[in-house]
Amino acid sequence: MATITLDNLAHSYLPDPKTPEDFALKELNHDWADGEAYALLGSSGCGKSTLLNIISGLLIPSQGRVLFDGRDVTTAPTADRNIAQVFQFPVVYDTMTVRENLAFPLRNRGMEAEEIARRVGRVGTMIGMEAELDRKARGLTADAKQKISLGRGMVREDVNALLFDEPLTVIDPHMKWELRTQLKKLHRDFGHTMIYVTHDQTEALTFADKVVVMYDGRVVQIGTPQELFERPAHTFVGYFIGSPGMNLFDATLDGRQARIGDATVDLGAAFRHRGPVQVGVRPEFIRLATGGEGIPARLRRVEDVGRHKIVRLNVGGTEVSAIADEGEAIPADTDRIRFAPGAVNVYADAWRLTPEGGDAR
Ligand SMILES: Nc1ncnc2c1ncn2[C@@H]1O[C@H](COP(=O)(O)OP(=O)(O)OP(=O)(O)O)[C@@H](O)[C@H]1O
């Protein structure tokens, strides 16, 4: 296991990049802590695979260095990095049995037969294929083959890091949950540094200790699921994490207060910023009201989604979402919204502003 350091890293697929837009991965400095489980989350094309491929050695970055425990591996081939990788689609040997496939990375390293048998047995159970170990891989479903690929990734205990690139895409939804649980267990038992690429927030939030959110070639926030929920550093994080995502209101600031349309909202803290801002409030923290204080709003519809209700409102021509409890009555004469105290974030040019005196809450 290793600490992975990304030093001044950036990548462009163009031979002569000039502007930031020419870079698929914009400049990045970060230490991936030894033994931590990370998810790399973002929508298609944001640069997740580019970053993963630089870490694994499939791609040499156009700028900066990659260090494993302080050793520069920027140009080292994948084989010299001592990592295990699992890709989106299965990589298995059809002519071998499931057992032989799982044993392959260990046999390659000359491990004793007894130890190989022990590990293959354990991983076979983890992927739910203990009854099929002696079947040939040929003829198995794509789903089963991908489980073998995952098993092959998990069978070695001495790797610097385990890298997963959307590994559950072809897996049946029921099995997805099971395999994610197994990956978490593997992480608890062996403490590998794990990097897991996904565009699925549920997968990222349930798997990782820390989620790395990427947007347009840039890492916009690295944080625990709770940090991403409570204090999204960038409006994209607010929008991408959560269902529905964070609401944004155009506003101007005056010390502790924000002016949103004709309404004034107390922010709970003062901000020094001048100029237009956006106030971000998650649907969980929007309260419905009739009369009195608050921002004028018009009820549009209520969606019952099982454990809670999503209330859609119109605020100054923009759709705003609120989450209400399953049993909560939604008065038809709702004409205001208010924000729960302490649940407001303020953004200028999409980046979160820190309140004066720092983040107390
Ligand atoms: N080999 C390549 N040559 C040129 N451009 C590329 C190449 N690979 C990726 N890109 C571009 O770099 C950007 C980032 O792509 P990348 O595959 O890293 O994103 P991603 O977040 O992994 O997306 P996806 O989830 O769709 O794989 C995209 O604009 C993509 O078109």
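Biologist: Which distance separates the centres of domain 1 and domain 2, taken over C-alpha atoms?

Modeller: In this predicted model, the centres of domain 1 and domain 2 are separated by 38 Å, taken over C-alpha atoms. Domain 1 covers residues 4-235 of the protein chain, and domain 2 covers residues 245-352.

Biologist: How many residues of domain 1 are in contact with domain 2?

Modeller: Five residues of domain 1 are in contact with nine residues of domain 2. On the side of domain 1 that touches domain 2, the residues divide into two nonpolar, two polar and one charged.

Biologist: How should I read the pairing of strands, and what is the order of the open sheet of three strands?

Modeller: Strands of a sheet pair through backbone hydrogen bonds, either parallel or antiparallel. In this case the open sheet has the order S15-S20-S16, with antiparallel pairing. Strand S15 (286-289) and strand S16 (295-296) are the edge strands, each of which pairs on one side only. Between S15 and strand S20 (residues 336-339) there are four bridges, and Ala289 has Arg336 in S20 as its bridge partner.

Biologist: In which sense do strand S1 and strand S4 pair, and where does Asp69 sit?

Modeller: Strand S1 (residues 4-11) pairs with strand S4 (residues 63-68) in the antiparallel sense, over five bridges, and Asp7 has Arg65 in S4 as its bridge partner. S4 is also joined by two bridges to strand S5 (residues 71-72), again running antiparallel, with Phe68 opposite Arg71 in S5. Asp69 belongs to the hairpin of S4 and S5, which has two residues between the strands, and takes a positive phi near 45 degrees.

Biologist: Finally, which residues surround the ligand?

Modeller: The ligand is surrounded by Tyr13, Ala24, Gly42, Ser44, Gly45, Cys46, Gly47, Lys48, Ser49, Thr50 and His199. By class, this shell around the ligand holds three nonpolar, seven polar and one charged residue.

Conventions:
Residues are numbered from 1 along each chain as its sequence is written. This is a predicted model: local features need pLDDT of at least 70, side-chain atom pairs count only at pLDDT 80 or more; totals for chains, interfaces and linings use all residues. A residue is near a molecule or strand if its C-beta atom, placed from the backbone, lies within 6 Å of it. Ala, Val, Leu, Ile, Met, Phe, Trp, Tyr, Cys and Pro count as nonpolar, Asp, Glu, Lys and Arg as charged, and the others, Gly among them, as polar. Two strands pair if DSSP finds at least two bridges between them. Domain bounds come from an automatic or database domain assignment. Two residues are in contact if their C-beta atoms, placed from the backbone, lie within 7 Å.
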